[in-house]
Amino acid sequence: MKTQSCERYLEDPEANAGHLAECEECRALFGETAVATKPLHIEALPLAPWEGAKHRPWPLVALVAFVLLAASVVLCRMAGVSAAEIADHVIGSMQARRAAVLGWADSLREASRAAQIGFVAAFVIVNAVLIALLRRAPRGIDA
């Protein structure tokens with residue numbers, strides 16, 4: 001840039017917009033181009049490919065689910081275990097976990113008022129930390 005007015009235009013183009021009418025070099029660099037800038041209307045933006053896609057791979061999903069089910073049945077037969085036994089075992093383990101959680105809840109209800117307040121405070125603090133971590137700007141792979 002040649003002059004101080006060119007420098008002022010570079011520092012604040014909006015405040016020194018009249019400079020483009022005076023300086024040929026700046027007008028060539030920063031002036032209006034053949035492509036006019038238009039304001040964006042957010043509601044008029046096109047949908048992303050995954051939002052408006054017509055093709056849905058449901059047959060592929062169904063095929064993969066069927067293959068996994070067939071593989072699990074074959075593995076159960078090879079192990080000599082029926083699906084009913086596996087379901088009974090899974091339901092039993094879920095009931096044991098449910099009983100453990102209910103036992104912990106009962107012990108917290110029977111705890112002192114200070115322990116209950118401490119538990120609530122720890123819960124709020126942990127969740128506040130998690131929310132703060134989620135609201136941070138993500139760092140790129142090269143940051």
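**View A. A salt bridge joins Arg109 and Asp106.** In this predicted model, the side chains of Arg109 and Asp106 come together at 2.5 Å, N to O. Side chains of opposite charge can pair when their charged atoms come close. Both residues belong to helix H5 (residues 83-110), and because they are three residues apart there, about one helical turn separates them. Arg109 is exposed, with a relative accessible area of 59%, while Asp106 is partly exposed, at 36%. A search of the whole structure finds one salt bridge.

**View B. Negative charge gathers in a patch on the surface.** The patch consists of Glu7, Glu11, Asp12 and Glu14. Glu14 sits in the loop that runs between helix H1 (4-11) and helix H2 (19-22). Its relative accessibility is 74%, so Glu14 counts as exposed, the cut-off for exposed being over 50%.

**View C. Leu60, Leu63, Val64, Phe66, Val67 and Leu68 make a nonpolar surface patch.** The patch covers about 610 Å². Val64, one of its residues, is part of helix H4 (residues 58-79). With a relative accessibility of 43%, Val64 counts as partly exposed.

**View D. Cys6 and Cys23 are buried.** Cys6 has a relative accessibility of 2% and therefore counts as buried. Cys23, at 13%, also counts as buried, since buried means under 20% relative accessible area. The count of disulfides comes to zero, where a disulfide is a pair of cysteine sulfur atoms within 2.5 Å.

Definitions and conventions: Residues are numbered from 1 along each chain as its sequence is written. This is a predicted model: local features need pLDDT of at least 70, side-chain atom pairs count only at pLDDT 80 or more; totals for chains, interfaces and linings use all residues. Side-chain values use heavy atoms; hydrogens and water are left out. Patches are made of residues with over 30% relative accessible area and no salt bridge: like charges are joined within 9 Å, nonpolar side chains (Val, Leu, Ile, Met, Phe, Trp, Tyr) within 5 Å. Accessible areas come from the Shrake-Rupley method with a 1.4 Å probe; for residues, only the protein chains shown count as cover. A salt bridge is a side-chain nitrogen of Lys or Arg within 4 Å of a carboxyl oxygen of Asp or Glu. Lys and Arg count as positive and Asp and Glu as negative; His and the chain ends are not counted. The place of a charge is taken as NZ of Lys, CZ of Arg, CG of Asp or CD of Glu. Helices (H or I, at least four residues) and strands (E, at least two) are DSSP runs, numbered from the N terminus. Buried means under 20% relative accessible area, exposed over 50%, partly exposed in between (1.4 Å probe, protein chains only).
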